[in-house]
Amino acid sequence: MIPLPSPRPDQPAPLAPTNWWKRWWRKLPPSRQDRFATLAPLLSVLLFLSAIVVAITYLRFEEIEREQEAVTRDVEYAQQRLRLRLLERQEQLMRLARDVDNKEISNEEFEFQVESLISQFPELLAISWVDARRTVVASYASPSAPPHLVRLPGSTLAPNETDGSFDLARDLRQPIYSRPLGEEPRNATLMLQVPLSEQGRFAGTVMGEYSVDGLMRFGIPPEVMARYAVALLDDRGQVLAGSLQAPNDVLRQLPWSDQPLEHEVAVSPVGNGLILKAQGYRTSKDIVGSGFFWVIGALSALTVWMLLGTWRHTRRRVQAQQALVAETNFRRAMENSMLTGMRALDMQGRITYVNPAFCSMTGWSEGELVGRTAPFPYWPEDDHDQLNARLEDELHGRTTSGGFEVRVQRRDGSIFDARMYVSPLIDPKGHQTGWMTSMTDITEPKRIREELSASYERFTTVLESLDSAVSVAPLGSDEMLFANKMYRLWFGLRGQGHRHLVDLAGTQPTPSPDNGDAVDAFAGMPTDTLTEAGAENAEVFVKELDRWLEVRTRYLTWVDGRLAQMVIASDITPRRNAEEQAARQAERAQTASRLITMGEMASSVAHELNQPLTAISNYCNGMISRVQEDRITQDELLGALEKTARQAQRAGQIIQRIRAFVKRSEPNPTPSDVSLMVSNAIELADIELRRQQVRLTPYVAARLPSLLVDPILIEQVLINLLKNAGEAIAQAGRPSGERHVELRVGPKRHDNQDVVEFAVRDSGSGVPDEMIERIYEAFYSTKSEGMGIGLKLCRSIVESHHGRIQVQNIYNGAEVVGCCFSFWIPVVSRLRPEGSIDSPSAQSSTDIERAR
């Protein structure tokens, strides 16, 4: 034996595992020891349960794998048996095909041999001899075959009956199996095409038809059928024969149940068109092994639950202690950081608690205040009696919820204003043990409130000095919330004046009549702050004051939260008078312009009237001379008188048109026909244009809508533009072939609205570029004898009808070859016909609409 070396005296002896564990455990803090003491049993139970689960799972997987191998082996065996049976039938059909190729058998012998085969092998349903043209030469079907497989000699096969297998056998010259055929999957058949040849040419096929169900019953070994749920499927997964429904199939769909073992393989030589599939029947599990597993699992789960419950209870107790400490620290920190002073009194009026904010406000420390009784050191000497009475009320519960205001004296002698709120101090048992008082320094808020009061007085002074009436009233009420001096001067203190102004302006929502289903007129009105709401303006005439007022309304939220309406009414009577005087001056200017226009056209009008008058004179003189000579018949006399009457009518129409144009009339917007206005204007302007040897060419679109305009004013604009065009051509000195004016009237689209555009194009010299911006100014003219008011009036007339007028030179390259004046009138006008009434204010004053 070799002696072991003895340890050296200077080396420490190695620690035993038990000693090492004890030293490590003692070094841990108590909280860590408690945690390990709780987690160690839990971990050991979990490890034990995990080991059992792994072992049982491993054994179960091995069992399933062995069963899967058995299923695969048996399915492959069944497929081989089925394959050998198909190959045997295929070999018999091929021998029959060779006899047909060698012409060793006749049709009767063919049918005899086929009948023998079908009776010997039940899976065969029919065998047919088909030539190259798909004509059945001979055929025999089993008595159990369906009717569509019974083929008579001489009948022809349809292309879709063979599913392409006939053509494939012809092309490949080898036996071909078709896909399972048939409308019903359970009655599907399988077709085998064995090709025939004659001197190297395709001569048809020997077609054998199998029952898929027969192949299943006679081709699959019985021992496989007994152990498994076997079925034949097509390439789409449809069950053609057999069944895949294993016992307890419903229970097997549960998530914790095992899925059935299965295996599938394609049937050779058919291919993927026919698939053999088998599902293994699952045997019941070992009740003893399963019961043992569940008992161990239940005991382990119970142990884990109890350990977790103990651990959770311990953690909750520790958390409750920590929460209590945190809550205490939080409340202490909140009391120390709050700016409101807190003071607690017992039932005898002794101070039992003050917070740091109270001490900071008064300047006295907590030790100096706790335990003191009245009078307290922070009471001013002059207020002792008042504060003693307050304290008595406080101790007897006679305080208001709004608090009370007192004066407090600091330790340095300074005094500040404070507001105190008193509430009972209740202990956890529900008994009152004293009174809690909160104190807030209100020196600064009181100063701000006084400044706001002074600001309100200044604001009220400003409103009282306004020359406009300002009033505020709630919606749907005659109550006045505010009215300045001017409102009181006009309407007094009553709210009817406010309501009357709102009604005249048409901005007050009207409640619906009383009925059970009526909706509140104020439904949907805003109830929050309305600082973004815009004001609404209206000009109304108040009979009681004999004044025109501009009324502006605005919704606002009053100080108490109610929705109110503010009305500001300003006196605009002088402005309205000035506007009416300006309107009268404009009417006079328009009338003067028409008179000036007719004065300028006087010679042309005289020449135009001279023609019918001369014709009348000639007709009368001729009739007189012929009557005197008795050389006129009654028919000739009547004809001459009719011609005289027509000439007189023509002269009267010219004079009537001139009188209608130059007469002074009030503006009267009426629905007017565009074509009629254009023809009336052309009738007067064409006289002047013909005198200046200018040709007028009008183009008026058909089916133009009527316009709500004053026809006399629109005709005045057209006559002025046509007359100016003729004068521009005459001033440019154009030759007779180039002296023409074109008038176009048609529908257009301007500023996203439908309009009717009037355009006058001349062949003059145009308007200089530097004068285009000034031609609409009053008393500015490009003609030496012009007054400069024609285009100014034209622009005013067009814009009063909410239209626009513009001028544009016409260029031919860089040369100006004419000018185009155009204006348009909207089809949907904002004007109202004379005398229309659509608001309450119009009913109260007949002049309000015309003034607008």
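The following note concerns the salt bridges of this predicted model.

1. Overall count. The structure contains 32 salt bridges by the distance rule applied here. Side chains of opposite charge can pair when their charged atoms come close. The points below take up individual pairs and one network.

2. Arg227 and Asp74. These two residues form a salt bridge in which the closest N and O atoms are 3.1 Å apart. Arg227 belongs to helix α6 (residues 222-227) and Asp74 to helix α2 (residues 30-101), so the bridge ties together parts that are 153 residues apart in sequence. The two partners fall into separate accessibility classes: Arg227 is partly exposed, at a relative accessible area of 40%, whereas Asp74 is buried, at 11%. Asp74 is assigned to the buried class because its value lies under the 20% limit.

3. Arg179 and Asp235. A salt bridge joins Arg179 to Asp235, with 3.3 Å between the closest N and O atoms. Arg179 sits in the loop between β3 (176-177) and β4 (189-198), and Asp235 in the loop between β6 (228-233) and β7 (239-242); the pair therefore ties together parts that are 56 residues apart in sequence. Arg179 is partly exposed, with a relative accessibility of 30%, and Asp235 is likewise partly exposed, at 41%.

4. Arg170 and Asp171. The side chains of Arg170 and Asp171 also meet in a salt bridge, with an N to O distance of 3.6 Å. Arg170 is partly exposed, at 35% relative accessible area, while Asp171 counts as exposed, at 54%.

5. Network. Salt bridges also link Arg85, Glu88, Arg89 and Glu123 into a network.

Definitions and conventions
Residues are numbered from 1 along each chain as its sequence is written. This is a predicted model: local features need pLDDT of at least 70, side-chain atom pairs count only at pLDDT 80 or more; totals for chains, interfaces and linings use all residues. Side-chain values use heavy atoms; hydrogens and water are left out. A salt bridge is a side-chain nitrogen of Lys or Arg within 4 Å of a carboxyl oxygen of Asp or Glu. Helices (H or I, at least four residues) and strands (E, at least two) are DSSP runs, numbered from the N terminus. Buried means under 20% relative accessible area, exposed over 50%, partly exposed in between (1.4 Å probe, protein chains only).
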